[in-house]
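Subject: Structure handover

Hello,

Here is the structure I said I would pass on. My notes on what was found in it come after it.

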Amino acid sequence: MAHIAHTAGSQALARRSPWGGLFRKEDWWAIWIGLALVAVAVALFAGGSSLKWIAVAPQKWTHLSDLGQQLKVHGLQYAALFVLWSVAFGIGAAALGIKISRFLPAFVLVYVAAGALYFLGQWDQAAHYNLEPPLVALGIGLLVSNTFGVPRWLDPGLRVEFYIKTGIVLLGAGLPLTLIGWAGPVAIVQAAIVSLATFGVIYFAAVSLGLDRRLAATLGTGGAVCGVSGAIAVGGAVGARKEEVSVAISLVVVWAIVMIFVLPLLSRSLGLSTGVAGAWIGTSEFADAAGLAAAQTYGGYAGNVPGIAGTPDAAVSAFTLMKVIGRDVWIGVWAFVLSLIATTRWERTGVQSKSSAAEIWNRFPKFVLGFLIASAVLTLVTRGFDYAAYKKEVVPALVAPLQALRTWAFTFAFLSIGLTTRLREFASIGARPFYAFTIGVVVNVIVGFVLSTQVFAGFWNRLGQ
Amino acid sequence: MRRRESACCGGCTHFQNGALQLEAALPGLSALSSAYAAVRLDDGICAVHERYVAAASVCPAFADNVAAFGYEA
């Protein structure tokens with residue numbers, strides 16, 4: 001810890017100003033990048049053109065020769081797409097304080113590896129061998145980072161949250177605002193039930209096991225609301241001990257990674273539709289990136305695995321509605337309420353926190369605004385088209401290119417999850433926090449399953465049709 | 001003219017909230033979240049109390065940090 005105290009004086013501490021946050025938080029950069037791409041796509045579409053040349057995506061292939069042919073024909077487009085992403089993410093990274101000279105070399109490898117995974121997912125035998133890109137990306141990343149190790153020069157390019165938030169903003173362009181308005185309230189009700197139940201179970205189990213209330217609250221929010229982001233938001237709001245935040249982070253990451261594999265596997269064995277499975281994953285996964293990896297994996301089963309009903313996109317759509325609209329947006333409220341309780345009811349720590357209702361907005365995950373704006377823009381642009389014209393004109397020229405860019409951004413994130421998860425560096429968890437959190441995981445999964453497959457099943461099934 | 005906050009953690013020499021340093025101090029943070037996330041605000045680690053605290057918090061061990069000039073709580 002001593003080194004931290006010594007380095008504090010040598011670096012600029014965070015400063016608050018009304019506009020500073022718009023450029024020094026990745027949420028805002030995800031919005032700028034995502035909405036800029038949406039704006040360009042809409043402008044080109046309005047002018048009778050399309051973004052599809054640069055939003056290149058691998059097509060289905062059977063033999064390696066097909067693959068070679070695709071690369072030969074579209075090589076220039078892949079190079080242009082690399083430049084586009086490098087400029088967009090490079091500027092964002094530089095604004096966040098990551099040197100562009102360190103970001104770019106790492107991003108070259110991220111882009112090439114993500115491209116290879118994207119191509120692998122388009123192999124016509126990929127589903128047969130269970131080679132879903134999110135799982136392969138995660139598996140390879142975990143294997144490399146926990147055996148051979150990842151060279152430190154790659155770290156600046158492994159920005160899971162930056163990529164996933166940008167992808168979520170782009171995802172908004174594929175979800176009509178009317179659908180969000182229709183499904184949002186149900187998602188909020190389902191998420192509220194699960195979040196309150198999960199938080200309550202973890203919190204009271206932790207306190208019963210003799211753990212500090214601040215650790216109990218940090219663990220509870222990590223399990224119930226938005227994973228690691230929830231843990232750090234509440235950990236800071238209540239003034240938890242540093243090692244308590246580390247324990248919560250470790251538990252969330254480990255369980256989130258387990259769930260990436262378990263939830264799609266269970267859903268598949270039960271033959272759940274893509275909409276229902278997406279809702280369950282959105283209810284019971286702990287982090288956006290992990291959940292999107294699981295949901296995209298399950299969406300890939302539609303049409304490839306017998307008995308899985310629904311569209312491929314329904315899994316990701318249901319997940320996003322449940323997790324982002326139903327759970328993530330409430331983190332500021334949780335942080336405010338818990339900080340209020342901590343400052344008025346719990347024992348003092350030597351550091352006096354300040355509780356303010358401003359916390360609700362200050363800790364709001366701003367990228368959600370980009371998601372909603374992208375949805376509103378596409379809804380407005382496409383409102384004059386009937387269904388046939390929408391499928392024939394709007395989808396190929398406007399929606400599909402943005403969907404391809406979203407898949408690229410998600411693939412960068414999935415690859416980065418595995419490569420940044422170095423289990424040996426994690427804090428020693430201890431038995432009591434493990435038991436408390438794991439009880440919450442079990443409750444979360446069961447309640448999420450019942451709500452998604454029984455109580456609201458009809459609703460989530462309709463989403464996938 | 002910027003106002004100097006004389007007593008909150010954000011202006012204290014014992015307070016560390018640099019994003020990269022936080023991600024190094026809290027392993028796993030960058031795997032499924034980020035120190036650059038809006039939800040973190042300006043929270044950081046207090047080296048005296050070894051706690052993860054909001055920048056607007058206060059404590060008697062406050063020691064003025066010249067590098068933090070301009071911080072506003």
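A:Ala43 lies in helix H3 (residues 26–46) of chain A; helices (H or I, at least four residues) and strands (E, at least two) are DSSP runs, numbered from the N terminus. At 51% relative accessibility, A:Ala43 counts as exposed. The terms for this are: buried under 20% relative accessible area, exposed over 50%, and partly exposed in between (1.4 Å probe, protein chains only). From A:Ala43 to A:Tyr203 the distance is 160 residues in sequence and 50 Å in space, C-alpha to C-alpha.

Some conventions before the rest. This is a predicted model, in which local features need pLDDT of at least 70 and side-chain atom pairs count only at pLDDT 80 or more, while totals for chains, interfaces and linings use all residues. Residues are numbered from 1 along each chain as its sequence is written, chains are lettered from A and ligands numbered from 1 in the order in which they are written, and side-chain values use heavy atoms, with hydrogens and water left out.

Aromatic rings

Over all chains, the structure holds 37 aromatic pairs. Rings of Phe, Tyr and Trp (its six-membered ring) pair if their centres lie within 6.5 Å; planes under 30 degrees apart count as stacked, over 60 as edge-to-face and the rest as tilted. One of the pairs is A:Trp85 with A:Phe89: the ring centres are 5.1 Å apart and the planes are at 15 degrees, so this pair is stacked. A:Trp85 and A:Phe89 are four residues apart in helix H4 (residues 64–96) of chain A, and therefore about one helical turn separates them. Both A:Trp85 and A:Phe89 are buried.

A:Trp408 and A:Phe412 form an aromatic pair that is tilted, with 6.1 Å from centre to centre and 45 degrees between the planes. These two residues, A:Trp408 and A:Phe412, are also separated by about one helical turn, because they are four residues apart in helix H17 (residues 387–420) of chain A. A:Trp408 is buried, with a relative accessible area of 1%, and A:Phe412 is buried at 0%.

Two rings carry a charge over the face. A charge sits over a ring if NZ of Lys or CZ of Arg is within 6 Å of the ring centre and within 35 degrees of the ring normal. A:Arg268 lies over the face of A:Tyr301, 4.7 Å from the ring centre.

How many residues of helix H11 (residues 274–284) of chain A are buried? The count is 11 of the 11, so helix H11 is largely enclosed by the rest of the structure. Among them are A:Trp280, A:Ile281 and A:Val276. The buried residues of H11(A) pack against helices H8 (177–208), H10 (242–270), H12 (288–299), H13 (312–327), H18 and H19 (457–463) of chain A, where contact means heavy atoms within 4.5 Å.

A:Ile439 lies in helix H18 (residues 431–455) of chain A and is partly exposed, with a relative accessible area of 42%. Together with A:Leu209, A:Phe434 and A:Tyr435, A:Ile439 makes a nonpolar surface patch of about 360 Å². Patches are made of residues with over 30% relative accessible area and no salt bridge; like charges are joined within 9 Å, nonpolar side chains (Val, Leu, Ile, Met, Phe, Trp, Tyr) within 5 Å. A salt bridge is a side-chain nitrogen of Lys or Arg within 4 Å of a carboxyl oxygen of Asp or Glu. Accessible areas come from the Shrake-Rupley method with a 1.4 Å probe; for residues, only the protein chains shown count as cover.

Positive phi angles

A:Asn130 is not a glycine, although its phi is positive, about 55 degrees. A:Asn130 lies in the loop between helix H5 (100–121) and helix H6 (133–146) of chain A, and is partly exposed at 43% relative accessibility. B:Leu41 is not a glycine and has a positive phi of about 55 degrees. B:Leu41 is placed in the loop between helix H2 (29–32) and strand E2 (44–46) of chain B. With a relative accessible area of 12%, B:Leu41 is buried.

Chain B

Chain B has two helices and three strands, in the pattern β-α-α-β-β along the sequence. Of the 73 residues in chain B, 67% are buried. Among contacts in chain B with a separation of 6 or more, 63% are between residues 24 or more positions apart. The accessible surface of chain B is about 2400 Å², and 57% of this belongs to carbon and sulfur atoms.

B:Ala55 is in the segment after strand E3 (51–53) of chain B, and is buried with a relative accessible area of 1%. B:Ala55 and B:Asp43 are 12 residues apart in sequence and 5.2 Å apart in space, C-alpha to C-alpha.

Regards
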